[in-house]
Amino acid sequence: MTAVIEVEGLRKEYRRWRGTPTVAIHGLDLTVPEGGVFGFLGPNGSGKTTTIRCLLGLVAATAGRAAVLGRPTPADLPTVMRQIGAIVETPAMFPTMTARENLELFGAIDGIGPRRVEASLAAVGLADRADEKVHKYSLGMRQRLGLAGALLKDPALLVLDEPVNGLDPAGIREIRELLRRLGAEGRTVFLSSHLLSEVEQTCDQVAIIDRGRLLLSGRVDDVLSAASRPSLLVGLDDPVAGADALRRAGLDVEPTGTLLRVALAPSQAAHVTKLLADVGLYVTELRPDTVSLEELFLDITGREEVAA
Amino acid sequence: MSAAKRFARLTIVEMRRALHRRLVRWMIVLALALCGVMGVIVYLTSRDPSQLARADEHPARMSSWWISGGGDGILTIAALYLVVGAAICGASVVGAEWRAGTITTALIWEPSRLRLHAARTASAGILAFVIGFALEVAFLASALPAVLLNGSTDGTDRAWWTALVLAMFRIALITALVAVLAVSVATIGRNTSAALVTLAAWALVIERLIAALRPQLGRFMISENVATVVPWTQMTDVDFERPPIVALTALVAYLAVVVAVATASFAGRDVVGT
Ligand SMILES: Nc1ncnc2c1ncn2[C@@H]1O[C@H](COP(=O)(O)OP(=O)(O)OP(=O)(O)O)[C@@H](O)[C@H]1O
Ligand SMILES: [Mg+2]
């Protein structure tokens with residue numbers, strides 16, 4: 001599988017007139033494979049937007065190399081941009097034009113006609129509001145319009161900075177399905193987010209960054225299973241007695257809320273129920289413990305905080 | 001797609017965008033409205049033949065539209081409006097883009113900053129020239145009823161018409177140069193008002209000051225050179241030689257420097273949205 005985005009040792013300092021420069025990215029390495037949806041996750045100020053700006057040639061990297069669609073960026077960007085659709089932060093369009101006029105105007109640069117404009121507007125659910133002026137649009141509608149603009153080129157690669165920012169729950173679900181469909185068609189969707197649950201539900205691959213450094217990257221399932229210790233959650237009417245009984249049997253037990261976390265593979269559930277039944281305790285709840293990306297994210301970015 | 005074709009497309013897109021700006025539209029509407037008002041005034045003031053005869057210059061007498069050699073004639077009024085309008089519109093087209101953050105969107109469609117900026121500069125020049133010329137025609141046409149009903153076309157021979165059309169071309173050309181200058185200055189400062197204040201301060205304060213303190217530097221002033229190019233006559237009341245072609249060359253050279261600085265500053269700038 002070829003890499004659609006490759007970043008090596010990327011560093012970006014924002015210079016100011018006075019004072020020390022802000023280091024937004026500290027030697028970031030990143031590889032985004034072709035096809036599917038790639039989540040680029042990080043807390044506020046971690047450098048997601050800055051990375052995207054570097055990839056799109058909006059800002060000049062201080063050091064490091066980056067390539068998009070196999071060509072070095074920003075040097076070869078003019079040759080590959082035709083295949084890249086992007087939104088960066090809140091996408092801005094000309095406020096006194098309608099949505100349709102905006103898309104037709106930008107599309108004209110690449111010779112894209114009204115039929116594709118129509119299809120893009122329909123894809124993001126703006127078809128019936130397309131003739132309103134953009135300054136009357138809500139935040140969510142602007143976001144959708146930005147997405148329509150990104151789709152207009154029928155791109156092989158979509159680079160989307162927080163695409164569901166400002167959308168309502170129904171809109172989020174709708175866009176999530178759209179992005180999944182685009183990924184399944186063989187396009188690459190690179191999306192940044194701090195909405196972890198969305199990334200978990202939308203993405204095939206994920207990279208987590210904090211303070212301009214990569215913390216973790218890989219398939220969502222792999223990242224989750226690597227991070228989760230195999231354990232069982234057990235519910236009991238008398239958790240204290242249950243914990244004693246399990247500990248006497250040599251198991252590692254840790255109370256979490258009203259449940260007990262038992263360090264045992266989920267396939268060993270029968271062993272736990274038997275041990276408890278033997279001392280007259282009956283299980284009210286029993287399930288494998290899964291780690292959500294959210295917990296993992298808080299866990300690893302929190303650890304960084306302590307280490308720093 | 002060939003580079004030339006893409007550049008042409010970009011230039012057209014930039015023109016469409018500029019023409020969509022309310023300020024640009026309002027400046028055109030205002031100009032046309034003023035033409036209408038002027039037409040009425042010219043008509044009313046030319047109804048009395050004795051008064052018309054007493055006036056030195058009156059638009060109802062066609063020959064006073066443009067007085068060859070002297071750089072005079074009522075056409076210069078239009079020139080003033082066009083120069084100010086070109087500065088305001090040129091600066092606002094660029095300033096608005098930085099303010100609204102649409103520059104990011106534009107760069108996502110055309111990542112080559114050189115090409116984008118060149119297209120923008122070209123579009124400003126072309127539009128200003130065409131609009132400028134059209135408004136000059138409208139301006140003069142508004143006096144036409146008065147000419148035909150009350151005034152005269154005496155002295156408008158072939159040579160006069162040639163001189164008039166050439167003067168209109170030169171004024172449209174100056175309008176285009178000013179628009180390009182405004183675009184460039186606004187690109188450097190990324191702000192409409194800052195650009196306009198800079199241009200106004202330069203033309204109205206700094207050049208005046210230099211001219212007052214060091215009159216011999218007058219030949220290098222933008223305003224003096226414009227005042228030489230429009231009438232296409234040798235600068236008078238000064239003790240140096242400056243044929244109009246030299247004045248025009250100087251203006252173009254100044255502009256080239258500003259355009260180069262603007263292009264370099266845009267090419268090397270981080271675009272971080274609003
Ligand atoms: N234009 C700028 N000038 C100076 N510093 C900046 C600029 N833009 C961003 N930064 C700094 O760079 C760092 C990374 O910012 P960036 O916008 O890339 O983060 P982000 O991950 O996109 O955050 P968010 O989730 O809030 O969008 C932050 O510390 C920020 O303060
Ligand atoms: Mg961001």
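Arg287(A) is partly exposed, with a relative accessible area of 37% (buried means under 20%, exposed over 50% and partly exposed in between, with a 1.4 Å probe and protein chains only). The structure is a predicted model, in which local features need pLDDT of at least 70 and side-chain atom pairs count only at pLDDT 80 or more, whereas totals for chains, interfaces and linings use all residues. Residues are numbered from 1 along each chain as its sequence is written, chains are lettered from A and ligands numbered from 1 in the order in which they are written, and side-chain values use heavy atoms, with hydrogens and water left out.

The side chain of Arg287(A) meets that of Glu285(A) in a salt bridge with an N to O distance of 3.0 Å (a salt bridge is a side-chain nitrogen of Lys or Arg within 4 Å of a carboxyl oxygen of Asp or Glu). Glu285(A) also counts as partly exposed, at 33% relative accessibility. A further salt bridge in chain A pairs Glu254(A) with Arg261(A), whose closest N and O atoms are 3.9 Å apart. In this pair Glu254(A) is partly exposed at 42% relative accessible area, while Arg261(A) is buried at 19%. Over all chains, the structure holds 25 salt bridges.

In chain B, Glu97(B) forms a salt bridge with Arg17(B), with 3.4 Å between the closest N and O atoms. This pair links distant parts of the chain, as Glu97(B) belongs to helix H4 (residues 75–100) of chain B and Arg17(B) to helix H1 (residues 3–20) of chain B, 80 residues apart (helices are DSSP runs of H or I with at least four residues, strands are runs of E with at least two, and both are numbered from the N terminus). Both Glu97(B) and Arg17(B) are buried. Salt bridges with shared partners join Asp110(A), Arg6(B), Glu110(B) and Arg115(B) into one network.

Helix H1 of chain B also contains Met15(B), which is buried with a relative accessible area of 18%. Met15(B) and Ile126(B) are separated by 111 residues in sequence and by 8.6 Å in space, C-alpha to C-alpha. Helix H5 (residues 102–109) of chain B is mostly covered, with eight of its eight residues buried. Among them are Thr102(B), Ile103(B), Leu107(B) and Trp109(B).

Chain A comprises eleven helices and 14 strands. Its C-alpha atoms fill a box of roughly 75 × 45 × 40 Å along the principal axes, and 50% of its 308 residues count as buried. The domain assignment gives domain 1 (3–226) and domain 2 (229–288) of chain A (the bounds come from an automatic or database domain assignment). The C-alpha centres of these two domains lie 45 Å apart. Leu196(A), in helix H7 (residues 196–202) of chain A, is buried with a relative accessible area of 8%. Between the C-alpha atoms of Leu196(A) and Ala241(A), 45 residues apart along the chain, the separation is 37 Å.

Several backbone features occur in loops of chain A. Thr73(A) and Pro74(A) are joined by a cis peptide bond with omega of about 5°, and Pro74(A) is found in the loop between strand S5 (71–72) and helix H2 (77–80). Glu89(A), a residue other than glycine, has a positive phi near 50° and lies in the loop between strand S6 (84–87) and helix H3 (99–109). Its relative accessible area of 39% makes Glu89(A) partly exposed. Arg211(A) likewise has a positive phi, of about 50°, although it is not a glycine. Arg211(A) is located in the loop between strand S9 (205–210) and strand S10 (213–219) and counts as partly exposed at 36% relative accessibility.

Two surface patches were also computed (patches are made of residues with over 30% relative accessible area and no salt bridge, like charges being joined within 9 Å and nonpolar side chains, namely Val, Leu, Ile, Met, Phe, Trp and Tyr, within 5 Å). Lys133(A), Lys136(A), Arg22(B) and Arg25(B) gather in a patch of positive charge. Lys133(A) is placed in the loop between helix H4 (114–123) and helix H5 (139–151) of chain A and is partly exposed at 32% relative accessible area. A nonpolar patch of about 600 Å² is made by Trp202(B), Leu204(B), Val205(B), Ile206(B), Leu209(B) and Leu213(B) (accessible areas come from the Shrake-Rupley method with a 1.4 Å probe, and for residues only the protein chains shown count as cover). Leu213(B) is part of helix H9 (residues 192–213) of chain B and is exposed, with a relative accessible area of 61%.

Methods:
Lys, Arg positive; Asp, Glu negative; His and termini not counted. Charge placed at Lys NZ, Arg CZ, Asp CG, Glu CD.
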